[in-house]
Amino acid sequence: MTDEPTRRAFLAGTAAAGAGLVASAATAQTPDPLITEVQEWASVFGDAVDATPYGMPIEFESHVVRRNVEWLTESTASSINFTPIHALEGTITPQGCAFERHHSGAISLSKQDYRLMINGLVDKPLVFTFEDLLRFPRQISIAFCECAANGGMEWGGAQLEGCQFTQGMIHNMEYTGVMLRDLLAEAGVKPEGKWVYVEGADASSNGRSIPLEKALDDVMVAFFANGEALRKEHGYPVRLVVPGWEGNMWVKWLRRISVYDQAVESREETSKYTDMMPDGRARKWTWVMDAKSVITQPSPQAPIRHGAGPLVITGLAWSGNGKITRVDVSTDGGNSWHPARITGEARSMALTRFHYDMNWDGSEMFIMSRAVDETGYVQPTKQALREIRGVNNVYHNNGIQVWWVRADGEVENVEIA
């Protein structure tokens, strides 16, 4: 259980005593000029309503940006940057902060030049313009998109400082679009059709095969995210949304959907996005992103600055197999676990926010979170994954992340042997 009763007792006790963390903040001994003096911002007019026609974050939040790791890839045209999950709250990721993954760079494709072709084993091959897509019934879906390589650097041990870099290849947005099944129904899938092959309009095309069952279930052809048009880097004007499945299947700048009787076995699903096993073989078709969680605050980029006393631990949990039903938090390296609060609605195949309220005594902690989804699956430790899958891997690392909170509030990425 959480430490909320202890927290209430702490707050009441310090208030009654007229001393302590909370009371001292309320009864300052010297005048605070930020309270007693009229400040500049209260003495002049602020910006006019048309100062920024498209609203931007205030300058004090300029540190909340996507970042890449320069040595990770040879070229940033075929690379990735990371969502600053350590600096965000709630569950919806602003488009401007949502991670990017490109195989040949982000392209500029206008709505007027956009075309989507459906062919292969269909009764009626079709080509849609953007305006054609707008005429189909629209749906809304909130879903996380996670790169299969999220956490991939950690297979061999703690590597990168910051949950932005260890777990930030993920975002969660509200998508609006049309269901792929409606477009396929318009074309008419022939009985022998078992797979769809999707590809983008960029130079890499990033083609992927998807079983027809998934295509007819919850896959969306999306053109809005968080209420506005997709950003260029997220596939404007049209991308695929494949809830719960690895992000490379969420093809951007979607240009072709072909129906086949078997998988295409493209470059992106053979030479890449397969999971190396200890015996040298590779697992393929590991589409689903298993249950996972990470504490975002405190973390290496978000240390504890306020000292001992009430502390809120928060983070994100998600599962490609459905809803998150429980998140446990440990502050002693996994020796004991306590249920966290799931804050807000736990949605299927979407990010879920959790909070754990405690009193920190100022001593070091090893904090970690463990997610459980509605199938009963429990997020494993990294070592449990390594015992089965070795360390010669890049993809599908959903192991428990450990942060070492030092007595001074600084936080480091560590592993516990």
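Trainee: In which strand does E146 lie?

Mentor: Please keep in mind that this is a predicted model. E146 belongs to strand 5, which spans residues 139-146.

Trainee: Is E146 buried or exposed?

Mentor: Buried means under 20% relative accessible area. E146 has a relative accessibility of 1%, so it counts as buried.

Trainee: Which residues does E146 touch, leaving aside those up to four places away in sequence?

Mentor: E146 touches M169, I170, E246, G247, M289, K292 and W318. With W318 there is also a polar contact between the side chains, at 2.8 Å.

Trainee: How should I describe a pair of aromatic rings?

Mentor: One gives the distance of the centres and the angle of the planes. The structure holds 12 aromatic pairs. One of them is formed by F82 and F165, with 5.7 Å centre to centre and 75° between the planes. Planes over 60 degrees apart count as edge-to-face, and the pair of F82 and F165 is accordingly edge-to-face.

Trainee: Where in the chain do F82 and F165 lie?

Mentor: F82 is in strand 2 (residues 81-82) and F165 is in helix 5 (residues 163-167). The two are 83 residues apart, and their pair links distant parts of the chain. Both F82 and F165 are buried.

Trainee: Which residues form an aromatic cluster?

Mentor: W195, W245, W285 and W287 form one aromatic cluster. A ring may also have a charge over it, as in the case of W337: the charged end of R370 sits over this ring, 4.1 Å from its centre.

Trainee: Let us turn to strands. Why is strand 12 described as largely enclosed by the rest of the structure?

Mentor: The reason lies in its residues: 5 of the 7 residues of strand 12 (residues 254-260) are buried, so the strand is largely enclosed by the rest of the structure.

Trainee: Which residues of helix 6 are buried?

Mentor: In helix 6 (residues 180-187), the buried residues are L180, L183, L184 and A187. These residues cover an arc of only 100° around the axis, which means that they are on the same side of helix 6. After helix 6 comes G188, whose phi is positive, near 80°.

Trainee: What should I expect of backbone angles in general?

Mentor: Most residues other than glycine have a negative phi, and most peptide bonds are trans.

Trainee: How do E265 and Y273 stand in accessibility: buried or exposed, or partly exposed?

Mentor: E265, at 36% relative accessibility, counts as partly exposed. Y273, at 4%, counts as buried.

Trainee: Which residues are joined by a cis peptide bond?

Mentor: Y236 and P237 are joined by a cis peptide bond with omega about 5°. P237 is in the loop between strand 10 (228-229) and strand 11 (239-241). The bond from Q297 to P298 is also cis, with omega near -5°.

Definitions and conventions:
Residues numbered from 1 in each chain as written. Predicted model: local features only at pLDDT ≥ 70, side-chain atom pairs only at ≥ 80, totals over all residues. Heavy atoms only, no water. Phe/Tyr/Trp six-rings, centres within 6.5 Å; stacked < 30°, edge-to-face > 60°. Helix = DSSP H or I, 4+ residues; strand = E, 2+ residues; numbered from the N terminus. Buried < 20%, exposed > 50% of the residue type's maximum accessible area, 1.4 Å probe, protein only. Lys NZ or Arg CZ within 6 Å of the ring centre and 35° of its normal. Polar contact = N/O pair within 3.5 Å; in protein donor to acceptor, adjacent residues only side chain to side chain. Contact = heavy atoms within 4.5 Å. Arc of directions from axis to C-beta.
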